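This briefing goes through one protein model, topic by topic. Please look over the sequence and the structure before reading the points below.

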Amino acid sequence: MTTISTATAGWLALRAPADDDARSVDLARDLARLIVPGSPSAPVVLHDLGAGTGSMTRWLAPRLPGPQRWVLRDGDADIVEHLDLSTVVDEAARPIAADVVVEHLASLPIDAFHGAAAVTASALLDVLTEAEAAHVVSACVAAGTPALFSLSVTGSARLRPAERPDEVERAFESAFNDHQRRDVSGRRMLGPDAVAAVAALFADAGWNVRTAVTPWRLAHRDTALIGEWLDGWIGAAVEQRPELASDAGAYRERRLALAADGRLRVTVFHEDLLAWPR
């Protein structure tokens, strides 16, 4: 949705099982109660921002009343080429319809969600700027459309067994969080502050807001994802603070060795947010 894309089809496929396990079923149920079911001639319309390969739609559509028509919006024309909704059905086992819109967030019309039943997004808020988040909130408020945003990074991660001392690990986490808030070509991303910022914007508009902690809980079956996540986590930290490079190699090897032995547990914290008008 933004002009920055760090996603690849391979990465999205690798993280999909952990994402699906983490998403808040309770907030999805709350959203379903806010939606009036459509009819075959007038299905409910839902917009997914930063749709990627369709993971949010694949997970959420079966939990919502139908029939449904999804508008899948993403600014990355390459990633949406991997979109796959071939097996997605609504709660009544009816195939859903979908339209793809390749569009950067800055071009999102303020009335884009008029008549929609809901707006969704996954792993998006933390890579938005404050202005972009405000634009999305304004479009939701203008349309009176409930919104469910899942899997926003909170900045916290826990690796077990813990290292003693843990100064190196804490330095990586701090540097990673600074990297998430970095300025890229004039865009300062919200990073770990995203959920709090978006919740405040909706609250200022007089809307109801609920949040849920939605962590990845990675173990021996997730060795490949742990390795990819760890490389990205350390790499971002070193990019932000190059002086950490001297510790990075040894730290990475210690953690990967534990993962290969099936002994490493990683919890990566996210948060989901549901907002709806009073």
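Glu163 is found in the loop between β5 and α6 (167-180). The model is predicted, and the protein chain averages a pLDDT of 93.

- Glu163 is buried, with a relative accessible area of 13%, which is under the 20% limit for buried residues.
- The side chain of Glu163 makes a polar contact with the side chain of Arg254, at 2.7 Å.
- Apart from neighbours within four places in sequence, Glu163 is in contact with Tyr251, Arg254 and Arg255.

*Strand β5 and its partners*

- Strand β5 covers residues 147-160, and ten of its 14 residues are buried, so the strand is largely enclosed by the rest of the structure.
- Strand β4 (residues 118-122) runs parallel to β5 and is joined to it by four bridges.
- Strand β10 (residues 265-276) runs antiparallel to β5, with nine bridges between the two.
- Arg158 has Thr267 in β10 as its bridge partner.

*Ser152 within β5*

- Ser152 is found in strand β5.
- Is Ser152 buried or exposed? Ser152 is buried, with a relative accessible area of 1%.
- Not counting residues up to four places away in sequence, Ser152 touches Leu125, Asp126, Val195, Phe269, His270 and Glu271.

*Helix α2*

- In helix α2 (residues 25-34), the buried residues are Leu27, Ala28, Asp30, Leu31 and Ala32.
- These buried residues of α2 pack against α3 (55-60), β4, β5, β8 (208-213) and β10.

*Aromatic rings*

- A search of the whole structure finds six aromatic pairs.
- The rings of Phe172 and Trp233 have their centres 6.1 Å apart and their planes at 55°, so this pair is tilted.
- Phe172 lies in helix α6 and Trp233 in helix α8 (residues 223-240), so the pair ties together parts that are 61 residues apart in sequence.
- Both Phe172 and Trp233 are buried.
- Phe172 and Tyr251 form another aromatic pair that is tilted, at 5.2 Å centre to centre and with 45° between the planes.
- With Phe172 in helix α6 and Tyr251 in helix α9 (residues 245-260), this pair ties together parts that are 79 residues apart in sequence.
- Tyr251, like Phe172, is buried.

*A charge over a ring*

- Arg63 lies over the face of Trp59, at 4.1 Å from the ring centre.

*Confidence of the prediction*

- In the protein chain, 97% of the residues score a pLDDT of at least 70.
- Over residues 1-5 the pLDDT is below 50.
- Beyond near neighbours in sequence, the stretch of residues 1-5 has 20 contacts in the model.

Technical notes. Residues are numbered from 1 along each chain as its sequence is written. This is a predicted model: local features need pLDDT of at least 70, side-chain atom pairs count only at pLDDT 80 or more; totals for chains, interfaces and linings use all residues. Side-chain values use heavy atoms; hydrogens and water are left out. Buried means under 20% relative accessible area, exposed over 50%, partly exposed in between (1.4 Å probe, protein chains only). Two strands pair if DSSP finds at least two bridges between them. A polar contact is a pair of N or O atoms within 3.5 Å; within protein, one must be able to donate a hydrogen and the other to accept it, and residues adjacent in sequence count only if both atoms are side-chain atoms. Contact means heavy atoms within 4.5 Å. Rings of Phe, Tyr and Trp (its six-membered ring) pair if their centres lie within 6.5 Å; planes under 30 degrees apart count as stacked, over 60 as edge-to-face and the rest as tilted. A charge sits over a ring if NZ of Lys or CZ of Arg is within 6 Å of the ring centre and within 35 degrees of the ring normal. pLDDT is the predictor's confidence in each residue, from 0 to 100.
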